[in-house]
Amino acid sequence: MSGRIRIAIAGASGKMGQMLIAAVASDADTQLAVALDRADSPMIGRDAGQAMGLQLNVPVTSNLDALAGADVLIDFTRPEASLLHLKACLQSKTRVVLGTTGFDAAELAAIDDFSKKASIVFAPNMSVGVNITLKILEAAGRYLSEGFDIEVIEAHHRQKVDAPSGTALKMAEVVAKAASRDLQKDAVYSRHGHTGVRSDKEIGFSVIRGGDIVGDHTVLFAGTGERIEITHKSSSRATYAQGALRAAKFLQGRPSGRFDMQDVLGLREPQ
């Protein structure tokens, strides 16, 4: 077991938590050290692999002191829970891979503060494919900044609680920056009634929630006589889990700093 990265998983009973546990269990470079869940979870005290028919000898706990036994926490939960986990990780000197979305400005500032003292990979989407798509969108935004209207369309399962998705917002942020637009001013999140003619700088969002859709994202560039659609579709949460493990490995040897998947995948262009 020596030499393997000790992983803590937050939200151990959730769909993403279970996918992460399975990914860690099958990865030769990592081992599950801690499985966290809320105090009222029926999984508390049970083996973290029980639901998947695995015997991992890691009981699910709500005790954040357990993070002292992990090198990296992987967290895809909710903002309020994630912020509590970050505080505990500062105490235990545990690095963090954070895929939670829906943070407000003050909560994002708290994540920045954490990164000054410890290392964190914070990304709205850990998928390798999504992050390659962001690079493509960067080029598209640069070259299609004039004469094209931009719309971001995303679809997720009926239980997702934040909208637009963090990935949709990141895609819009990348396109807006490349196209020299101000997302804070130019984003339009809803249309109803007599909306009037769209502005040249507008970046619109459309959100679909239904069924068990894992995650579909399209950025539409609509010009005169032509359209370009750049789409990424996820069929399994496994892609997020594999990306999260790559991020956990990337953090080894990095005592502090805020990184994202562009850093993990080596896609960041030199400044």
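Predicted model: local features only at pLDDT ≥ 70, side-chain atom pairs only at ≥ 80, totals over all residues.
**Why these labels?**

Visitor: Why does glutamate 154 count as buried?

Guide: Its relative accessibility is 1%.

Visitor: Why does arginine 209 count as partly exposed?

Guide: Arginine 209 has 27% relative accessibility.

Visitor: What makes glutamate 154 and arginine 209 a salt bridge?

Guide: Their closest N and O atoms are 2.8 Å apart. The cut-off is within 4 Å, so the pair qualifies.

Visitor: What does that pair tie together?

Guide: Glutamate 154 lies in strand β7 and arginine 209 in strand β9, so the link joins parts 55 residues apart in sequence.

Visitor: How do you know that β7 and β9 pair?

Guide: Seven bridges join them, and the two strands run parallel. Pairing needs at least two bridges, so β7 and β9 pair.

Visitor: What makes lysine 116 and aspartate 113 a salt bridge?

Guide: The N to O distance is 3.7 Å. The limit is 4 Å, so this pair counts too.

Visitor: Is lysine 116 buried or exposed?

Guide: Lysine 116 has 65% relative accessibility. Exposed means over 50%, so lysine 116 is exposed.

Visitor: In what order do the sheet's strands lie?

Guide: The order is β8-β9-β7-β10-β11, in an open sheet with mixed pairing.

Visitor: Which are the edge strands?

Guide: They are β8 and β11; each pairs on one side only.

How values were computed. Residues numbered from 1 in each chain as written. Heavy atoms only, no water. Helix = DSSP H or I, 4+ residues; strand = E, 2+ residues; numbered from the N terminus. Salt bridge = Lys/Arg side-chain N within 4 Å of Asp/Glu carboxyl O. Buried < 20%, exposed > 50% of the residue type's maximum accessible area, 1.4 Å probe, protein only.
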